[in-house]
Amino acid sequence: MSSKNDLRKARKGYESYLKYMGLGFTMLGIVLALTFGGWWLDKQLHWAFPVFTLTGSLLGIAGALVYLFQETKPQR
Amino acid sequence: MGASFAQHADSLSEHDIDHAVEHLNAEDVFEAAPTEGDEHGDHKFNPGEMIMGHVTDEHGWHLWGHTSIPLPIIAYTQGRGLSIFSSGHFEHGLVAHAGYMLLDGKLKATDAADGTAAHEHLVNEELTSATYDFSITKNVLAVFVSSALMLLIFLTVAKAYARRPGQAPSGLQNFIEPIVLFVRDDVAKANIGPKYERFMPYLLTVFFFILINNLMGLIPIFPFGANVTGSISVTFALAMITFIITLLNGNRHYWGHILAMPGVPKPVLLILTPVEILGVFLRPAILMIRLFANITAGHIIVLSFFALIFIFGELNAGLGWGVSIFSLLFTVFMSMLELLVAFIQAFVFTFLSAMYFGAAIEEPHHH
């Protein structure tokens with residue numbers, strides 16, 4: 001019976017990590033989505049300076065970090 | 001991880017891809033002139049073509065050499081109507097039939113007469129864009145086979161429970177019961193909580209569908225060996241179902257957390273809300289890509305080891321035999337690893353789906 005409990009404890013250990021498995025990809029996705037969004041907007045607007053690509057990529061990085069902190073903050 | 005595997009496979013055969021490109025042009029000339037006397041193969045071995053041929057879907061099931069099982073072509077073109085015929089009429093994709101032809105395995109509409117050698121300049125782009133390909137392809141057939149297998153397994157097991165209620169499991173039950181309990185206790189209950197029962201049918205179905213198709217993909221003999229879970233269309237459909245179930249079950253608490261996370265200052269919300277909305281779409285997208293990339297990468301690696309035999313064999317027959325020993329050993333090792341991956345990927349997909357459902361139906365705690 002105790003071995004079963006040990007197994008449960010071990011499982012609890014890795015399950016808490018599994019939660020964060022998609023985190024890296026999601027952060028990457030956020031950066032890429034906002035950067036490409038800005039790039040697309042710049043392509044439509046033909047401005048002299050690619051403002052939205054720059055702001056998009058920076059916002060993406062900021063957003064990914066905010067997302068990271070939000071997802072990993074201690075549970076209530 | 002998948003991308004790096006694929007790169008690895010590329011670098012293995014970079015030298016030969018150069019050769020393949022030269023060869024490709026030569027082949028075009030071959031096809032234009034109706035000389036088919038290359039049975040013994042002035043054909044140089046093309047690893048890229050061999051690997052992609054095995055990993056991607058096709059209109060016919062290649063067995064060996066020039067032998068393949070033709071599969072039904074079902075195509076609907078607006079203005080032309082429905083056509084159903086055997087892919088055998090295409091003669092391995094070499095000729096046109098009934099107004100269609102195959103180019104790189106894709107069905108294209110053409111105006112060329114039956115039996116004309118298939119070529120890019122014969123494609124009728126306008127009609128092709130109005131064509132819907134409903135063909136029973138290799139992957140579709142493999143899904144039929146796996147569905148039949150699942151029905152067989154689970155109807156047998158269900159009957160055993162009905163026949164011997166309350167008794168110890170026997171036979172197939174012994175194999176299935178622990179997995180079902182694992183999905184219930186460690187995946188569904190752990191992530192969804194007390195209301196897990198509603199999601200059990202989907203979670204169990206998706207787990208066993210992915211597991212059985214992963215395992216079937218490792219058996220290289222017909223009717224197995226199709227790369228079903230390594231097809232992005234299949235993983236797209238699976239991720240889409242998870243996505244839709246999550247959206248349909250999302251409660252006020254879930255949407256509140258996405259649109260305006262409580263307890264977060266307003267300026268941060270300006271960034272966080274778009275990011276959370278992006279996350280809603282990114283999560284299923286990652287689910288789709290992870291399964292596709294992991295399974296396809298496994299197939300590509302095993303095929304690359306086999307390709308090495310022939311790459312070295314072309315240089316020198318003895319070298320080919322020598323390399324084949326190492327290739328076989330590595331293939332056995334990789335296949336063992338793939339058995340593990342087959343379980344892990346089925347588990348991960350199910351686990352993350354359950355996690356998303358759990359987040360969608362979570363009730364608010366006291367703040």
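Biologist: How many residue pairs are in polar contact between chain B and chain A?

Modeller: A polar contact is a pair of N or O atoms within 3.5 Å; within protein, one must be able to donate a hydrogen and the other to accept it, and residues adjacent in sequence count only if both atoms are side-chain atoms. Between chain B and chain A there is one such residue pair, with both residues at pLDDT 80 or more. Keep in mind that this is a predicted model, where local features need pLDDT of at least 70, side-chain atom pairs count only at pLDDT 80 or more, and totals for chains, interfaces and linings use all residues. Residues are numbered from 1 along each chain as its sequence is written, chains are lettered from A and ligands numbered from 1 in the order in which they are written, and side-chain values use heavy atoms, leaving out hydrogens and water.

Biologist: Which helices of chain B touch chain A?

Modeller: Helices here are DSSP runs (H or I, at least four residues), numbered from the N terminus. Those giving two or more residues to that side are H6 (172–192), H10 (266–315) and H11 (317–361) of chain B. H10(B) gives the most, with eleven residues.

Biologist: And how many salt bridges are there between chain B and chain A?

Modeller: The rule asks for a side-chain nitrogen of Lys or Arg within 4 Å of a carboxyl oxygen of Asp or Glu. Between chain B and chain A, the count is zero.

Biologist: How much area is buried between chain B and chain A?

Modeller: Buried area is the accessible area (1.4 Å probe) that two parts lose on being put together, summed over both. For chain B and chain A this is about 2000 Å², with 70% from carbon and sulfur atoms. On the chain B side, Asp186(B), Ile271(B) and Val275(B) lose the most area, together 22% of what that side buries.

Biologist: Now to chain B itself. What domains does the assignment give?

Modeller: Domain bounds come from an automatic or database domain assignment. For chain B, the assignment gives domain 1 (58–136) and domain 2 (139–361). Their centres, taken over C-alpha atoms, are 32 Å apart.

Biologist: How many residues of these two domains of chain B are in contact?

Modeller: Contact means heavy atoms within 4.5 Å. Six residues of domain 1 meet eight of domain 2 in chain B. The two domains bury about 550 Å² between them, 87% of it on carbon and sulfur atoms. In domain 1, Trp61(B), Ile69(B) and Ile136(B) lose the most area to domain 2, together 79% of what that side buries. Across this interface the rule finds zero salt bridges.
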